[in-house]
Each structure stands twice: as C-alpha cells, then as structure tokens.
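Reader: I'm new to this and would like to go through what we have here step by step. Let me ask my questions as they come up.

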Amino acid sequence: MKENTTCYRLIIWDLDGTLIDTIEDLAAAVNHALEQRKLALHSLADYRKMVGHGVRNLVQQALGRSLAAEGAEGPDDNLIDAALKDFKAYYTTHIDVHTRPYPGIPELLADLHAAGVKMAVASNKFQAGTEHLIHEFFPEIPFVAILGNREGYPLKPDPEIVGEVLRASGLGKEDAVMVGDSGTDMRTAANGGIDGIAVGWGYRPMAATPDYRFAGSVSELRELLFG
C-alpha cells in the first residue's frame with residue numbers, strides 16, 4: 001500500500017453508493033415488480049442491505065424475503081426471470097427520478113480530470129444502466145472504461161475487472177486505486193493487487209482497517225487523492 005497521499009494516476013470508481021445515490025429508484029423498481037405479483041414490499045433500509053451484487057441478485061433477494069414472509073418457498077428461476085424483466089422495464093424509464101451524484105462528487109471528478117488522472121467505473125449494475133447514468137451525470141469525464149454487468153464477463157470482486165481497466169488505461173497496478181462503499185469493492189481491489197479506499201457515505205457501513213484507507217466524506221476523499 002502507498003505510504004503517501006499523492007494522487008494516483010488511475011482511479012476505478014464504484015457507482016451506486018459511491019458516485020451516485022441510486023437507492024430510491026432501485027427500490028421503487030423492485031417494489032414495482034413485487035407489487036405486480038401482490039407480494040410484500042420492502043423499505044429503503046431493507047434495500048440498502050440487498051444491493052451491490054447485480055440486479056438479478058437484488059430481485060432474487062427481494063422475492064425471497066417477500067415469499068418467506070408469507071411462509072412460501074423461495075423463488076424459482078422462472079419467477080426471478082419474470083420479475084427481473086418487470087424490474088428492468090420500470091427501472092429503465094425511471095432510472096433517474098431520484099438518482100443524483102453525491103454532493104461534491106462532480107467537482108472532485110472534474111478536478112481529478114483536470115489534474116490528468118485517468119478514471120474508470122466498475123459496477124455490478126447492468127451495463128446499459130451503468131452507461132446511462134455515467135453519461136447523464138458525468139458527461140465531461142472521458143472514462144477509460146465503463147464496466148457494468150455484461151453477459152459473459154465476471155462481476156466484482158473478480159480480479160479480471162481490475163485487469164481489464166488496467167489494460168484500457170495502459171497503466172500498472174502501482175498506479176491504481178479502487179474507490180467504493182462496500183466490502184465487495186475492497187475485495188476487488190485486493191484481488192486485483194491494487195490499493196483500495198472505502199467511503200463512508202454509501203449503503204453499507206464501512207470503517208478504516210489496515211487493509212485499505214477510509215474516507216468518511218468527499219472532502220476526506222479529496223485529501224487522500226490529492227494529499
């Protein structure tokens with residue numbers, strides 16, 4: 001791990017819970033799919049515990065909790081597929097109703113870009129949704145890679161995610177850091193052999209450990225990246 005706070009040459013960003021707050025729109029879309037099946041809905045607090053492993057996993061968890069509340073068996077693949085289809089149809093047309101960048105993030109990205117830092121996004125959100133939100137909220141940032149949940153490609157914390165970004169950037173592991181709000185993001189960094197910075201404003205409680213740095217606010221993250 002780097003012992004100083006000099007700016008990295010490459011930053012790999014998580015999306016949901018790190019760059020942008022998407023939880024309300026995600027929750028509304030999953031609850032729509034549940035409502036179509038007359039199943040119990042879930043709160044924002046519930047969804048904060050379920051997100052981060054791709055939308056199929058999110059829908060599966062939500063279905064499982066609703067069915068369990070009724071004493072029914074867990075969802076089979078057909079039910080998950082059908083609910084996921086309804087989720088995507090709703091979410092695609094309501095993806096940015098409440099979703100916004102966290103305060104200070106657009107300015108931080110602009111300053112990093114001006115300083116010559118390369119940036120990428122690595123998310124477990126489906127690819128089309130990932131691209132849509134990045135292009136909508138950060139149109140001026142020329143990300144070297146925007147990686148979401150793509151058929152035939154691994155998800156975080158697979159180290160290939162880091163490898164793909166490094167190849168796209170032309171930089172080495174010593175130049176890179178992963179910034180995210182979850183243990184999955186920090187495992188991605190560790191598996192890929194790069195530094196990690198956990199942020200404290202996302203969906204899962206994170207804290208400083210010897211394995212990675214921690215930023216409790218965007219201003220603290222700025223200090224870690226710029227020194």
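Reader: Is Leu79 buried, exposed or partly exposed?
Author: Start with where it sits: Leu79 is in helix α4, residues 77–93. Helices here are DSSP runs of H or I with at least four residues, strands are E runs of at least two, and both are numbered from the N terminus. Buried means under 20% relative accessible area, exposed means over 50%, and partly exposed is in between, using a 1.4 Å probe and protein chains only. The relative accessible area of Leu79 is 25%, so Leu79 is partly exposed.

Reader: Before we go on, what kind of model is this?
Author: Residues are numbered from 1 along each chain as its sequence is written, and side-chain values use heavy atoms, with hydrogens and water left out. Local features need pLDDT of at least 70, side-chain atom pairs count only at pLDDT 80 or more, and totals for chains, interfaces and linings use all residues, since all of this rests on a predicted model.

Reader: How many helices and strands does the protein have, and what radius of gyration?
Author: For the elements, the count is nine helices and eight strands. The radius of gyration is taken over C-alpha atoms, and the globule rule is 2.2 Å times the number of residues to the power 0.38. With 227 residues, a compact globule would come out near 17 Å, and that agrees with the protein's value of 18 Å.

Reader: Now helix α7. Which elements do its buried residues pack against?
Author: The buried residues of α7 are Ile161, Val162, Gly163, Val165, Leu166 and Ser169. Just after α7, Gly170 takes a positive phi of about 75°. As for packing, the buried residues of α7 go against β1 (10–13), β4 (118–126), β5, β6 (176–180) and α8 (183–192).

Reader: Which residue's backbone oxygen lies 3.0 Å from a polar atom of the Ser169 side chain?
Author: Ser169 is part of helix α7, and its 4% relative accessibility is why it counts as buried. Apart from neighbours within four places in sequence, Ser169 is in contact with Leu10, Lys118 and Val144. The backbone oxygen that lies 3.0 Å from a polar atom of its side chain belongs to Leu166.

Reader: Where is Val177, and how far is it from Ala189, C-alpha to C-alpha?
Author: Val177 lies in strand β6 and is buried because its relative accessible area is 0%. Beyond residues up to four places away in sequence, Val177 touches several others, including Tyr8, Leu10, Ile194 and Leu225. Val177 and Ala189 are 12 residues apart in sequence, and their C-alpha atoms are separated by 7.2 Å.

Reader: Is Thr22 buried or exposed?
Author: Thr22 is in the loop between β2 (20–21) and α1 (23–36). Setting aside neighbours within four places in sequence, its contacts are Asp16, Tyr91, Thr99, Lys125, Leu133 and Tyr203. Its relative accessibility is 0%, so Thr22 counts as buried.

Reader: And Lys38, is that buried or exposed?
Author: Look in the loop between α1 and α2 (44–50) for Lys38. Its phi is positive, about 55°, although Lys38 is not a glycine. Most residues other than glycine have a negative phi. With 73% relative accessibility, Lys38 counts as exposed.

Reader: Last one: which residues does the cis peptide bond with omega of about 15° join?
Author: Most peptide bonds are trans. Check the loop between β5 (145–149) and α7 (160–169), where Pro157 is found. With omega at about 15°, the cis bond joins Lys156 and Pro157.

Definitions and conventions:
Contact means heavy atoms within 4.5 Å. A polar contact is a pair of N or O atoms within 3.5 Å; within protein, one must be able to donate a hydrogen and the other to accept it, and residues adjacent in sequence count only if both atoms are side-chain atoms.
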